[in-house]
Amino acid sequence: MTETTGEMITITAADGPAEAYMARPVSADADATWPGVLFLIDAIGLRPQIETMVDRIASWGYVVLAPNLFYRSGSAAETSPDGPLLDDDSRAAFFAGVRPRMQALTTDLARRDLAAYLDALHALPGVRPGSVGTTGYCMGGRLALLAAATRPDDVAAVGMFHTGGVVTDAADSPHLSLPDVRAEVLAVHADHDQSMPPEAIAQFEHALTSSGVIHHAGVYPGAAHGYTMADTAPYNHDAAEYHYAELQKLFDRTLH
């Protein structure tokens, strides 16, 4: 892995400034450039675990940007837990305040934000001109897909991991955006994820195929919703490492 450097920066989102964590490879060449990746966080917020994940992806040779998706609700510190959520009580206490933030981020607001985040990514020093990748976790997976539908000529790759609510009865259900997607999609579901039951996984697979989207989708056995997040109780090391390996291959295929 390549050595990286990371920092918190402020970017311009649709409705004001937003914090974001950005990491890039370290290079002796001042003019070096790398493909860009937009990292879309889970509902737990922009926190040290996200920084660790961003650093790892950047070490593959990318400039990675992870915005605070909840900037309208508060700072990264205000919308993230004070520490790991490794037991039921701490998770329940934190998640009591999460759903209102998630519901406030409507599809219309998210589309505006995602366009701004992609513009901010392209403007970062060291980002190579051309298509970018997205990767998203939990609700961030839905947003990664929405980014590709919103800017189909801009997004070449979509990673979606333990993403729930992809197939709903709503008029803006994420799976209905697939006809607008030109990116290659990687979706790795968890087989113990109540937010994405087997019938929804099957419907999503059908929608991907019928929309002509190049994709690789699968279900990781024995994994629960949140399996990539090492600061939460559902973390599954083997499933998380599988996600990293498959995501790296996706970006290698599409961004170089």
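These legends describe close-up views of a predicted model.

**View 1**
The UniProt annotation "domain: Dienelactone hydrolase", from an unreviewed entry, covers residues 19–253. Over residues 19–253 the chain is 36% helix and 21% strand. The end C-alpha atoms of this stretch are 30 Å apart.

**View 1. Tyrosine 220 pairs with tyrosine 242.**
A search of the whole structure finds six aromatic pairs. One of them joins tyrosine 220 and tyrosine 242. A pair of aromatic rings is described by the distance of the centres and the angle of the planes. Here the centres lie 5.5 Å apart, and the planes make an angle of 50°, a tilted arrangement. Tyrosine 220 belongs to strand E8 (residues 215–224) and tyrosine 242 to helix H7 (residues 237–254), so the pair ties together parts that are 22 residues apart in sequence. Tyrosine 220 is buried, at 18% relative accessible area. Tyrosine 242 is partly exposed, at 36%.

**View 2. A ring cluster and two arginines over rings.**
Phe39, Tyr137 and Phe161 are linked into a cluster by ring pairs. Elsewhere, arginines sit over rings. The charged end of arginine 56 is placed over the ring of tyrosine 244, at 3.8 Å from its centre. Arginine 101 lies over the face of phenylalanine 70, and the distance to the ring centre is 5.7 Å.

**View 3. The largest nonpolar core.**
In soluble globular proteins, nonpolar side chains tend to be buried together. The largest nonpolar core in this model has 89 residues. Among those with the most contacts inside it are Phe39, Leu143, Val181 and Phe251. Which helix gives the most to this core? Helix H5 (residues 139–150) does, with eight residues. Phenylalanine 251 shows what such a residue touches. Beyond its neighbours within four places in sequence, phenylalanine 251 is in contact with Val37, Ile57, Trp60, Tyr62, Gly133, Thr134, Thr135, Ala157 and His256.

**View 4. Helix H1 and its cover.**
The buried residues of H1 are Gln49, Ile50, Met53, Val54, Ile57 and Ala58. An α-helix has 3.6 residues a turn, so residues three or four places apart point the same way. What lies over the buried residues of H1? The cover includes strand E1 (4–13), strand E2 (16–25), E3, strand E4 (63–67), strand E5 (132–137) and H7.

**View 5. Arginine 47 in a loop.**
Arginine 47 sits in the loop between strand E3 (36–40) and helix H1 (48–58). Is arginine 47 buried or exposed? Its relative accessibility is 4%, so arginine 47 counts as buried. The side chain of arginine 47 makes a polar contact with that of aspartate 42, at 2.8 Å. The arginine 47 side chain also reaches the backbone oxygen of glycine 45, at 2.7 Å. Setting aside neighbours within four places in sequence, arginine 47 is in contact with Asp42, Ser80, Pro81, Met229 and Asp231.

Arginine 151 lies in the loop between H5 and strand E6 (155–161). This arginine is partly exposed, with a relative accessible area of 23%. Its side chain reaches the backbone oxygen of alanine 115 at 3.2 Å. Leaving aside neighbours within four places in sequence, arginine 151 is in contact with Ala115, Leu118, Asp119 and His122. Alanine 187 is 36 residues from arginine 151 along the chain, and their C-alpha atoms are separated by 19 Å.

Definitions and conventions:
Residues are numbered from 1 along each chain as its sequence is written. This is a predicted model: local features need pLDDT of at least 70, side-chain atom pairs count only at pLDDT 80 or more; totals for chains, interfaces and linings use all residues. Side-chain values use heavy atoms; hydrogens and water are left out. Rings of Phe, Tyr and Trp (its six-membered ring) pair if their centres lie within 6.5 Å; planes under 30 degrees apart count as stacked, over 60 as edge-to-face and the rest as tilted. Helices (H or I, at least four residues) and strands (E, at least two) are DSSP runs, numbered from the N terminus. Buried means under 20% relative accessible area, exposed over 50%, partly exposed in between (1.4 Å probe, protein chains only). A charge sits over a ring if NZ of Lys or CZ of Arg is within 6 Å of the ring centre and within 35 degrees of the ring normal. A nonpolar core is a set of buried Ala, Val, Leu, Ile, Met, Phe, Trp, Tyr and Cys residues joined through side-chain atoms within 4.5 Å. Contact means heavy atoms within 4.5 Å. A polar contact is a pair of N or O atoms within 3.5 Å; within protein, one must be able to donate a hydrogen and the other to accept it, and residues adjacent in sequence count only if both atoms are side-chain atoms. UniProt positions are given in the numbering used here, feature names are shortened, and annotations may be inferred rather than shown by experiment.
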